[in-house]
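Open your viewer and get ready to click along.

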Amino acid sequence: MDVVLISPYSDIAALGVRGISAVLKEAGHHTRLIFLPYQFPEIEYRRDFMITYSDTILDQVTCLCRGAGIIGISLMTNYFEQAATLSTHLRQTLGIPLIWGGIHPTISPEHCLDYCDYVCVGEGELVMRDVVTALETNGDITAIANITSRHNDHIVSNPPRPMIENLDSLPYFDYDMDDHHVLDQDTERIVPLDPELLRKYLTKKAPTKGRAALFYQTIASRGCPHNCTYCCWHALKRIYDVKTNIRRRSVNHIIGELEMILDRMPWFKEITFSDDSFLDAPVAEIEHMATEYKRVAHQRPFQCLAEPRTITRSRMDPLVDAGLANIQIGIQSGSERIKEMYRRTHSNQRIIEMGLLLKEYIPRIRPPIYDFILDNPWETIQDKYETLQLLLKIPPPFYLQIFRLTFFPGTGLFEKAREEGLIGNDIREIYSQQYNERDITYINLLFSAFSRPVPRSIMALACSKPAIGLFHNRPVNAVLKMVHGMYRRQMLNQRKKRIDRHKAEMDIGAAHPFQDR
Ligand code: B12
């Protein structure tokens, strides 16, 4: 059967749809992948994350979906509007069964059924295989495990089957490009993907925080040891009713994938492991991984996400020797009260020790990236002060990755916010939020300053209670907001001019081959 899978993500690595496509191909089906990356940097200066598809783009998607047995769309919460627009158009033009999957449909299935026929809750590889088999054999899709659907007026939610225990049983992510298509933002044309275009779209225009511009992204494990109340794993563990769920691929399986990819696409200069906690493995396995990685990746630098508990010398030594160059670690807050609210278990002392250890590896590794969450409505000035004081104790250099606290459906903090009336009636407010957006205040700007080479003595002064008392107040924050607003508008205008100039040079507007006549 012909299956179309659509990814709206800015990053066309999109491991979810590539993993499903590989399993469907292995089962003898034909898949067509459509990647609709938006790549206009000015999005980061906008307050919302709303991206609309022009009719030209929607018509081309319709053309590419014509004749498919089923269409699948992958989405995170902040891609809800895009998926809704696509689905509405496809339903009006084609009427082919639509299935949604990915983290958002998993944590908020019922809300998605306004736009699709079926929702896949959780891991989708085996679910999609069962769905396609049912379609081919007139089976009952609404009876398949993990599937949520609407029957007359009531919702039928089938509990998820257990998570895939043996990840080695899954084929490597589908990078065949035999029927892969990508939206060329500049020309608004959806074109067949080839290695050159793959390279172009995987190259980040403005990589930040010492990250690579171009890397091959994969995942060596699934799951997270923690249960943080703001994170989707908190919701997923409830859905699957599991406490721990870390499953790791064998070193041979991971290395086999890298060998295959680097053989076919040696232009990948770096590797990214998108595991939630890459170092969460026995030291012996880490050492084996490091040795094998060196053998096949030839010292290509790699980056990963990790959590403080696993940052030990016995793990770092072999990995840095093998090419570990970038490490990103969640800290989130330095306030014991807020850490308790987040169910984060790392003491500030452990964080400082981790910072001291990581500093020893610089410059073999680039400055580590520490994640922090801002704009938590339950945070007091004292909580923010304690976080700033922790930052002053972590040895520089490092970068901060700042996130705005977002109430993802199904998480503990979502329910708390809802109970306390912090979430408006229309949950869609959350969907279109710009997650990197943060309030422009004196304290929040101090966090940005920590990523820059500002002398610690100045930072200590700026983060002191008298300075916060003096500058973190309504009048000063109003001025800061105004100045930042002017800067944002100027950046937006500059970007807009550059893109318009580029479009004029490209003479965008000619008729498109795929357009529905
Ligand atoms: C890699 C990753 C990224 C990468 C790449 C994302 C990409 N598009 O490929 C980057 C770094 C770009 C990224 C960015 C962000 N991310 Co991120 N990211 C992840 C991470 C660590 C792994 C995702 C992954 O590839 N998993 C492996 C694949 C195989 O699994 P999967 O994607 O879940 O797909 C499976 C199922 O969901 C399902 N499925 C998926 N699609 C489909 C489609 C169909 C039809 C079906 C049937 C099934 C199905 O089957 C798949 C196979 O089992 C997850 C955490 C996690 N562990 O999930 C966070 C996560 C997805 N990210 C998250 C967030 C919030 C973001 C950001 C918004 C953060 C920010 N503030 O900037 C940005 C968004 C940037 C943007 N504008 O797009 C949240 C999403 C929460 C939510 N409710 O939406 C997550 C869940 C982290 C968390 N713990 O909460 N991210």
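**Stop 1: around the ligand**

The shell around the ligand is made of 21 nonpolar, 13 polar and five charged residues (Ala, Val, Leu, Ile, Met, Phe, Trp, Tyr, Cys and Pro count as nonpolar, Asp, Glu, Lys and Arg as charged, and the others, Gly among them, as polar). Before you click on, please note that this is a predicted model, where local features need pLDDT of at least 70 and side-chain atom pairs count only at pLDDT 80 or more, while totals for chains, interfaces and linings use all residues. Residues are numbered from 1 along each chain as its sequence is written, and side-chain values use heavy atoms, with hydrogens and water left out.

Now select S74, T77, Y79, E125 and D276, which come nearest of the 39 residues around the ligand (a residue is near when one of its heavy atoms lies within 4 Å). Y79 has a polar side-chain atom 2.2 Å from an oxygen atom of the ligand, and for E125 that distance is 2.7 Å.

**Stop 2: a covered helix**

Among the buried residues are T56, I57 and L58. What covers them? Show β1 (2-7), β2 (30-35) and α3 (80-93), which are among the covering elements. Then click G67, which follows α2 and has a positive phi, near 90°.

For another covered helix, go to α17 (residues 442-450), where eight of nine residues are buried.

**Stop 3: salt bridges**

The whole structure holds 26 salt bridges (a side-chain nitrogen of Lys or Arg within 4 Å of a carboxyl oxygen of Asp or Glu). Start with D179 and R32, whose closest N and O atoms are 2.9 Å apart. D179 is in the loop between β7 (154-157) and β8, and R32 is in strand β2, so this pair ties together parts 147 residues apart in sequence. Is D179 buried or exposed? D179 is buried, at 9% relative accessible area, whereas R32 is partly exposed, at 23%.

Next, show R161 and D130, joined by a salt bridge at 2.8 Å, N to O. R161 sits in the loop between β7 and β8 and D130 in helix α6, so they link parts 31 residues apart in sequence.

**Stop 4: two buried residues**

Click N146, in the loop between α6 (125-136) and β6 (147-151). N146 is buried, with 0% relative accessible area. A polar atom of its side chain lies 2.8 Å from the backbone oxygen of V121.

Finish at D371, in strand β16 (residues 369-374). D371 is buried without a salt bridge, and R211, the nearest side chain of opposite charge, is 5.7 Å away (Lys and Arg count as positive and Asp and Glu as negative; His and the chain ends are not counted).

Notes: Helix = DSSP H or I, 4+ residues; strand = E, 2+ residues; numbered from the N terminus. Buried < 20%, exposed > 50% of the residue type's maximum accessible area, 1.4 Å probe, protein only. Polar contact = N/O pair within 3.5 Å; in protein donor to acceptor, adjacent residues only side chain to side chain. Contact = heavy atoms within 4.5 Å.
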